[in-house]
Amino acid sequence: MPANRKSDKLPKPVGKRQNLAAKSGLNKTATRREGYVRSIVPKTIARTRSDIATWKSALRAADSVERPRRARLVNLLEDILLDAHLTSQLELRKQHVLSTPYVLKRNGEIAAEETALLMSAEWVTRINRHMLEVGDFGHSLIELTTDEQAGLAVTLIPRQNVIPEQGILLRREDDENGIKYRELREYGTWLLEFGQPHDYGLLNKAVPHALFKRFAQSCWSELCEIYGIPPRYIKTDTQDDEMLDRAEAMLRDMGSAAYFIIDNTEEFQFAKGADTNGDVYSNLIRLCNNEMSMLIIGAVLGQDTKNGNESKEESSMKLLDKLVMADRKVLAGNWNTKVLPAIERIGIFPPGLTFEFQQEEDLEKLWSMVRDLLPYKDVPNEWIKDKFGIEVTDRAPAPMFSQNHLSARDFFDMAP
């Protein structure tokens, strides 16, 4: 399904932005009311039980050379996102990137006006999220449009309708022919593409673990029912329809009845329940969770309470930081090579801007360094206040003894 279309009011171009709009043949801010996403016909998703055979079949359809189709694979990848653990790991990595401050620079200096405008726009977060999803799905094709209030709307083209291997956009998932979007005039300005054609993303590698985990949870829930309520049976005359119906009714009503009465020719007993408490399913679920964590964030972070320790968590956080730094680098590259040139051609920003993430500071480590430095060097009070939020003042000088004070010899000479 297409993503929700939200809009953000664009500023009226002034100065350089107005000159850029005039050079581009645009009247103030470029307008594009209708996009290709409006012509896409949505299709109902069949919520059927998925297994490894479903995954293999979807991969064969996506790997086809003559007629590649990703619809079934994308539907399966979106289905496994219902797994809470998998979603939490993906969001943990994304939120680390999205929470990092960024700036726009011109000739090495921060462009304050453009940076403030970019940070206040909601469409920026949506573009960043769609670019980060490339690592999950392998590909993202987004479309920029404007609404009646001259606002910018960012829409993700449904991945089920995109064939990146051939550069084709399908109006329906099962269409034979579509639009060659890379040959369109809007490509690179209103249509932005991210990712590689033959990449299926990390979610494709997480499919077997998510499916096995779902299977283990289903089996464990059935075991809980059998383990909690042992099977029961009653011996009766099966040739007598009346007695057979009576026995079935008694077994059905046992859940709410405190007692029941049977005939002297009948016998009621409890069968032996399960001898296991589900350790085999618990171990399988833990294995699947650990494998998905290793795949997404590079470590098992904050989950192993039995064997976990502080040093292990610190090393795991360092591995996650490495992945986050790589995501930031990819994101900044996409902004500088694709997004900023596109919105410059639209007329939102003037040319000559570059996107950079600000370097994050470890305030705890920095404070430790400042504390060790204070006995030997002077640190400006204003800098400490701005950096740590601590109001500091200079220490009053220690009292100095003048020559008029008594010396130690004079003190002992005055002693009785």
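Biologist: Quick one to start: the charged end of which residue sits over the ring of Trp-55?

Modeller: The charged end of Lys-56 does, at 5.0 Å from the centre of the Trp-55 ring, where sitting over a ring requires NZ of Lys or CZ of Arg within 6 Å of the ring centre and within 35 degrees of the ring normal. Please keep in mind that this is a predicted model, in which local features need pLDDT of at least 70 and side-chain atom pairs count only at pLDDT 80 or more, while totals for chains, interfaces and linings use all residues. Residues are numbered from 1 along each chain as its sequence is written, and side-chain values use heavy atoms, with hydrogens and water left out.

Biologist: And what sits over the ring of Phe-137?

Modeller: That is the charged end of Arg-159, 4.2 Å from the ring centre.

Biologist: Back to Trp-55, which residues make the contact between α2 and α3?

Modeller: From α2 there are Trp-55, Ser-57, Ala-58, Leu-59, Ala-61 and Ala-62, and from α3 there are Arg-72, Leu-73 and Leu-76, with contact meaning heavy atoms within 4.5 Å.

Biologist: At roughly what angle do the axes of those two helices cross?

Modeller: The axes of α2 (residues 52-63) and α3 (residues 71-80) cross at roughly 140° and come within 7 Å; axes are lines fitted to C-alpha atoms, for helices over the stretch in contact, and angles run from 0 to 180 degrees between N-to-C directions. The two helices are therefore oblique to each other, given that angles under 35 degrees count as roughly parallel, over 145 as roughly antiparallel, 65 to 115 as roughly perpendicular and the rest as oblique.

Biologist: New topic: how many aromatic pairs are there?

Modeller: The count comes to four aromatic pairs, where rings of Phe, Tyr and Trp (its six-membered ring) pair if their centres lie within 6.5 Å, and planes under 30 degrees apart count as stacked, over 60 as edge-to-face and the rest as tilted. Trp-335 and Phe-355 form a stacked pair, 5.0 Å centre to centre with 10° between the planes. Trp-335 lies in helix α11 (residues 310-346) and Phe-355 in strand β12 (residues 354-357), so the pair ties together parts that are 20 residues apart in sequence; helices (H or I, at least four residues) and strands (E, at least two) are DSSP runs, numbered from the N terminus.

Biologist: Is Trp-335 buried or exposed?

Modeller: Trp-335 is buried, with a relative accessible area of 0%, and Phe-355 is buried too, at 1%; buried means under 20% relative accessible area, exposed over 50% and partly exposed in between (1.4 Å probe, protein chains only).
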